[in-house]
Amino acid sequence: MPKRIGIFGGTFDPVHIGHLRSALEVAELMALDELRLIPSARPPHREAPQVAALDRLAMVELAVAGLAPLCVDDRELKRDKPSYSIDTLESLRAELAGDDQLFLILGWDAFCGLPSWHRWDELLQHCHILVLQRPDADSEAPETLRNLLAARSISDPLTLKGPGGQISFIWQTPLAVSATQIRTLLASGKSVRFLVPDAVLTYIHAHGLYRASN
């Protein structure tokens, strides 16, 4: 049987319950064998993460410990260049069987920004794309993506066939939690209990992360 592997990238600065709940829901809906959270080292589309790569990796590892099929993949942190998704997909494909299915999980905003990504038009050669969209979303994809959606969009994500090449949408109501909000609370000395897993909170305090002086 082909493997079904999801990949969910981000700075995870820090990882929080919004990331984890979305990942778990997708893994269960799609019956994934693995859902790999991939911390990015130098994201090309946003400002540099506030804390070091090894701290962000450690927090994600703590967050998913014992939470199969969620796991961590640190390949982007081992690269001495920006974290391009196409490079990650190519390296993953080289390790997998030809018929294994790869699912790249993106939020709606990230999906709409695809045309600015490095070699974005090659992504579907290596994977399917699952777009997480809110049920109340009332926005349209940019014009540059409309032809792609018309040609490659499948209404039911459970019917995606083959190793890659198609796009589908998963309707989710994300938890109203953001890493920016968490960093702001921590910098002002407020509690972030229940916004991040307890093990992550313990790590943040033990290593003095996100304090105002950072």
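By salt bridge I mean a side-chain nitrogen of Lys or Arg within 4 Å of a carboxyl oxygen of Asp or Glu. Arg75 sits in the loop between strand 3 and helix 3, and Glu95 in helix 3, so the pair ties together parts that are 20 residues apart in sequence. Helices and strands here are DSSP runs (H or I, at least four residues, for helices; E, at least two, for strands), numbered from the N terminus.

A word on the basis. This is a predicted model: local features need pLDDT of at least 70, side-chain atom pairs count only at pLDDT 80 or more, and totals for chains, interfaces and linings use all residues. Residues are numbered from 1 along each chain as its sequence is written, and side-chain values use heavy atoms, with hydrogens and water left out.

Back to the pair. Glu95 is exposed, at 52%. The cut-offs: buried is under 20% relative accessible area, exposed is over 50%, and partly exposed is in between, with a 1.4 Å probe and protein chains only.

The contact belongs to a network. Salt bridges with shared partners join Glu34, Arg36, Asp73, Arg75 and Glu95. One of its links is Asp73 with Arg36, at 2.8 Å from N to O. That link connects distant parts of the chain, 37 residues apart: Asp73 is in the loop between strand 3 (70-72) and helix 3 (85-95), and Arg36 is in strand 2 (residues 34-39). Asp73 is buried, at 7%. Arg36 is buried too, at 14%.

Now a local one. Glu25 bridges to Arg21, with the closest N and O atoms 3.0 Å apart. Both lie in helix 1 (residues 17-29), 4 residues apart, which means about one helical turn between them. Glu25 is partly exposed at 30%, and Arg21 is partly exposed at 41%. Over the whole structure, the search finds 12 salt bridges.

Stay in helix 1 for Ser22. Ser22 is buried, at 11%. Leaving aside residues up to four places away in sequence, Ser22 touches Leu132 and Gln172. Contact means heavy atoms within 4.5 Å.

Next, the strands. How many residues of strand 4 are buried? The count is 6 of the 7, so strand 4 is largely enclosed by the rest of the structure. Strand 4 pairs with strand 1 in the parallel sense, over 4 bridges. Pairing requires at least two DSSP bridges between the strands. Ile5 stands opposite Leu102 of strand 4. Strand 4 also pairs with strand 5, again parallel, over 5 bridges. There, Leu106 stands opposite Val131 of strand 5.

Last, the largest pocket. Its volume is about 1,400 Å³. A pocket is an open set of points on a 1 Å grid over the protein atoms alone, where a 1.4 Å probe fits, with protein on both sides within 12 Å along at least five of seven lines; lining residues have an atom within 4 Å of a point. The volume is the space filled by probe spheres set on the points, which are joined across faces, edges and corners.

The lining has 46 residues, with Phe8, Gly9, Arg46, Gly107 and Ala110 nearest the centre. Elements supplying at least two lining residues each include strand 1 (4-10), strand 4 (101-107) and helix 6 (179-187).
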